[in-house]
Amino acid sequence: MKLGITVLLLLSVAVGQREASSTFTELSTKAEQAYQANHLEEAEDLYGRAVKLRPDWTQGWWALGMVQYERDRYPECSKTLTRMVALDASAAPGWALLGLCEFRTKEYDASLEHLKQAHMLVSVRQNGGPLMDIADYHLSLLLIRQGAFEVAQEVLLHVALKVRTNPEMMFAAGLAGLRMPILASDVPASQQEIVTMAGKAFWDLATQPPEEAEADFKALVSKYPSVPNVHYFYGTYLASHHPEQCLAEFLEELRVNPESVPARVQLTLRYIVERKLDEALKLAREAVRLSPDSVGSQLALAETLRAQGDDEGALAAYLQAKRLDTVSPKIRLYLVNAYRALGRVDDMRREQAEYERLKVDQPNWP
């Protein structure tokens, strides 16, 4: 009698598993058909029922998230994509769509973290497709809002090379160039034109012949010579393409904007190249005084002191930069060289190991 009951129980489980499998296959097929027919509400319901039956179905969570995103159901989409990336942490599209949902719900800190994760999973040499380009554009918006203008420009540069033409993305590039830490939607009407002109200059630098970008920068400086960061933006272009001409623009920026820390940093770096070390040190110390929490200021001071042969002073400034930015591989590399100059081998090896770890932890990050 006991044997008979056991057999019946096993048969019951087997039948239940076959029925569940049959139901899952039917649901997933109908969900795909509903999606293809643009019946999004029905598709969301069917995909939702399917993933309940098979919670480890990564593609199902992705499809459900896509449907919810297309239906503007961003909070639900965020929850769905959180489940998806928990199943597959290497899925760049999942992180990208999750970050985009969070951007829509104004969860900007979470969005920045997840869009950065998506970016790091795809090499800049790869074509991640339109979704990744859109994700990188929104990543750049959040970097601009945070004040990480140089990183935002580097991200946008790679987007420009792939997208070529997109007015909204060009506009964001203008915010980065003019160092305006706001979202594009918050730019007042009175500043729309200057941001558009700056964005075109940046975009043309990436996508058009050099003479067109040069003309854009000259037009910007000519029309808005007294607006902060215009001369600085032009100066950074010259520093990369005509370095012998950049000093005049950075000095003009200081005339327009006497408190400019970035202009002081750029002038410091140029004076180091020209071996005008007294002038470099004066400007670097001014930059640190004006903005002691600026990584760029501390690095400029460190580089100046190193050029003057003050290795201990340089090390102190590099360490201050590390305290301000604990995850920068570049700063660890500076410290490797600083410790090497001082003969501190154990410290040098420790920072080298940290550099290598951070590079692994942040692949493909500027």
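Colleague: What makes up the lining of the second largest pocket?

Modeller: Bear in mind that this model is predicted. The second largest pocket has a volume of about 290 Å³, and its lining includes Phe103, Tyr108, His138 and Phe171. Helix H5 (92-104), helix H7 (130-146) and H9 each supply at least two residues of that lining. H7 gives the most, with three residues.

Colleague: Why is the pair of Tyr47 and Trp57 called tilted?

Modeller: The ring centres are 6.2 Å apart, and a pair needs them within 6.5 Å, so the two rings do pair. Their planes are at 40°. Stacked would need under 30 degrees and edge-to-face over 60, so tilted is what is left for Tyr47 and Trp57. Tyr47 is in helix H2 (residues 40-53), while Trp57 is in the loop between H2 and helix H3 (58-70), ten residues apart. A search of the whole structure finds ten aromatic pairs.

Colleague: How do you know that Tyr47 is buried?

Modeller: Its relative accessible area is 4%, and buried means under 20%, so Tyr47 counts as buried.

Colleague: What makes Phe217 and Tyr234 a stacked pair?

Modeller: Here the planes are at 20°, and under 30 degrees counts as stacked, so that is the label for Phe217 and Tyr234. The centres of these rings are 5.8 Å apart. Phe217 belongs to helix H11 (residues 210-223) and Tyr234 to helix H12 (residues 230-241), so this pair links distant parts of the chain, 17 residues apart. Ring pairs also join Phe217, Phe233, Tyr234 and Tyr237 into a cluster.

Colleague: Are Phe217 and Tyr234 buried or exposed?

Modeller: Phe217 has a relative accessible area of 1%, and Tyr234 is at 7%. The cut-off for buried is under 20%, so Phe217 and Tyr234 are buried.

Colleague: How do you know that the charged end of Arg54 sits over the ring of Phe24?

Modeller: That charged end is 3.8 Å from the centre of the Phe24 ring, and the distance has to be within 6 Å. There is an angle condition too, within 35 degrees of the ring normal, and Arg54 is listed as sitting over the ring.

Colleague: What is the span of H10 set against?

Modeller: Helix H10 (residues 192-207) has 16 residues and reaches 22 Å from its first C-alpha to its last, close to the 22 Å expected at 1.5 Å a residue. Among its buried residues are Ile194, Phe202 and Trp203. The buried residues of H10 pack against helix H8 (149-163), helix H9 (167-177), H11 and H12.

Notes: Residues numbered from 1 in each chain as written. Predicted model: local features only at pLDDT ≥ 70, side-chain atom pairs only at ≥ 80, totals over all residues. Heavy atoms only, no water. Phe/Tyr/Trp six-rings, centres within 6.5 Å; stacked < 30°, edge-to-face > 60°. Helix = DSSP H or I, 4+ residues; strand = E, 2+ residues; numbered from the N terminus. Buried < 20%, exposed > 50% of the residue type's maximum accessible area, 1.4 Å probe, protein only. Expected span 1.5 Å × (residues − 1). Contact = heavy atoms within 4.5 Å. 1 Å grid on protein atoms, 1.4 Å probe; cavity = no way out; pocket = protein on both sides within 12 Å on 5 of 7 lines; lining within 4 Å. Points joined across faces, edges and corners; volume = space filled by probe spheres on them.
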